[in-house]
Amino acid sequence: MTAHVKPKALENFKARDFRMLIDGAWTEGTGQPIERIAPGHGIVVSRYPAGSKGDAERTIAAARKAFDDGPWPSMTGAERSNILLKAADLIAARADELAFLDCIESGKPISQAKGELGGAVDIWRYAAALARDLHGESYNTLGDGTLGVVLREAIGVVSIITPWNFPFLIVSQKLPFALAAGCTTVVKPSELTSGSTLVLGEILIEAGVPAGVVNIVTGTGPEVGAPMTTHPDVDMVSFTGSTGVGRLTMANAAQTLKKVSLELGGKNPQIVFPDADLDAFVDAAVFGAYFNAGECCNAGSRLILHTSIAADVTARIADLAKKVKVGDPLDPATQVGAIITPQHLAKIGAYVDGAAKAGASVALGGAALDLGLGQFMAPTILSGVQPDMAVAREEVFGPVLSVLTFETTEEAIRIANAIDYGLSAGVWSRDFDTCLTVGRKVRAGTIWMNTFMDGASELPFGGYRQSGLGRELGRHAVEDYTETKTLNMHIGARTGWWMPR
Ligand code: NAD
């Protein structure tokens, strides 16, 4: 960890001015633009229009018209698929530009941002394949007089609202599946990291997505996001963000009974038994806690270690964590970048202070790092954390690892489940029974066994309880953006109600 100076890539850098995409036209906002200050460099890097409620309503109207009258929902699956494949190729061609925007706007390391772009391209290709395979069911088993056909139809206009921590990856977990199903969309990226989503708008136009099918409106949640969750012309809201705003989104959507898909917070445990491959685990613990500076819904922020190994394993994790390279997000060797805003850094610090006051010990780090530019937090380990402490139950969303201990398998499962979240969990043991027992009893959408935070486009992802509602990715992701319609067809003479024949 050394102080860094303004990197070469930013020496003659001019902040990039973006516009919104409404009905195929690039549109300025009316008010003062939102300026994004790079969290790792302290300079303005992007300006986005501060969209208004009126802008949100215009984009919804454009998406509605494109759905009701436009060609997109009527195209063949093959036609939509070809456009999504073209989009994937164009994303790959502009991956460096997109990764650079995600890096400077969010503060994540550039090498990681490039990896996320690779993952996103794969998702667009996967969704393109699903576009051709979307189908319903038929029932030829209802007797000679009846044939039942269940259609899958695009649900309509979808509002897509995304957070700042994985700007391009998360829009890619939603938009290509909605498009594959034939939906039209209004997309609102976070007001902190809108750049790469707006470049995606350019890419989709070039790929052949018709005007009005993808609209991108920028601005704050209360001004622009809220109307996207209440407007009667919106059929579904797909939201990723905090549990608090997720709850509000669901309440807003309930007024017109929209379908909602929610990907929310997590407080994910890694349960470790003495017979585990501890070398592999120590690496996964450091990765799970500090990847994306811990600003990750899937962060493995709670370790639940068997008491017999807790002290030794904690010391080994601390040794490895000291080697993690925190610094300039644009340096290809950086592993942990900047914290998203100064306010968020203060919130992380308050959690650490609160835990220390409640009796936990700061085994590593615990404070902000002054690297000369931007805001950074030292990789932190808190030991002696008790299950009822705020730091063990709430999402810190920073590089802070809490260490808890257990004696029996039942106790480990109880601690893992004793929170409001249920996004993901890890279990480490060489014993097959132990892994399966814990894997089946822990209530979370993903359980990693002897690994952590792996993923694939084919595997569904989402949360139990207050971590969310619905699943993204996987072969059913496209079905989430559909309605089913039953065609109940009669064959031959019908038996009348009044005059039985
Ligand atoms: P956030 O809830 O503050 O904001 C998310 C989005 O919602 C932003 O675009 C924001 O502008 C918008 N928004 C805010 N208020 C709104 C309102 N009243 N109506 C409509 N939209 C509104 O979340 P964040 O700080 O951007 O992201 C961090 C959170 O996201 C963490 O809790 C994290 O766990 C969660 N997250 C979850 C997943 C997942 O897949 N489960 C993935 C990434 C992030």
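On the domain 1 side, His41, Trp164 and Ser467 lose the most area to domain 2. Together these three account for 26% of what that side buries. The model is predicted.

**Domain layout**

- The chain splits into domain 1, made of residues 8-264 and 467-485, and domain 2, residues 269-449.
- The centres of the two domains, taken over C-alpha atoms, are separated by 31 Å.

**Contacts across the interface**

- Domain 1 brings 28 residues into contact with 27 residues of domain 2.
- There are 12 residue pairs in polar contact between the two domains, counting pairs with both residues at pLDDT 80 or more.
- The number of salt bridges between domain 1 and domain 2 is 0.

**The domain 1 face**

- Two elements, α3 (95-106) and α4 (110-131), each give two or more residues to the side of domain 1 that touches domain 2.
- Helix α3 gives the most, with 5 residues.
- By residue class, this side of domain 1 holds 12 nonpolar, 11 polar and 5 charged residues.

**Salt bridges**

- The structure as a whole holds 20 salt bridges, while the count between domain 1 and domain 2 is 0.
- Side chains of opposite charge can pair when their charged atoms come close.

**Database annotation**

- An unreviewed UniProt entry places the feature "domain: Aldehyde dehydrogenase" at residues 26-486.
- Over residues 26-486, the chain is 40% helix and 20% strand.
- The end C-alpha atoms of residues 26-486 are 40 Å apart.

Terms used: Residues numbered from 1 in each chain as written. Predicted model: local features only at pLDDT ≥ 70, side-chain atom pairs only at ≥ 80, totals over all residues. Heavy atoms only, no water. Domains from an automatic or database assignment. Contact = heavy atoms within 4.5 Å. Buried area = accessible area lost by both parts, 1.4 Å probe. Salt bridge = Lys/Arg side-chain N within 4 Å of Asp/Glu carboxyl O. Polar contact = N/O pair within 3.5 Å; in protein donor to acceptor, adjacent residues only side chain to side chain. Helix = DSSP H or I, 4+ residues; strand = E, 2+ residues; numbered from the N terminus. Nonpolar A, V, L, I, M, F, W, Y, C, P; charged D, E, K, R; others polar. UniProt positions renumbered as here; feature names shortened; annotations may be inferred.
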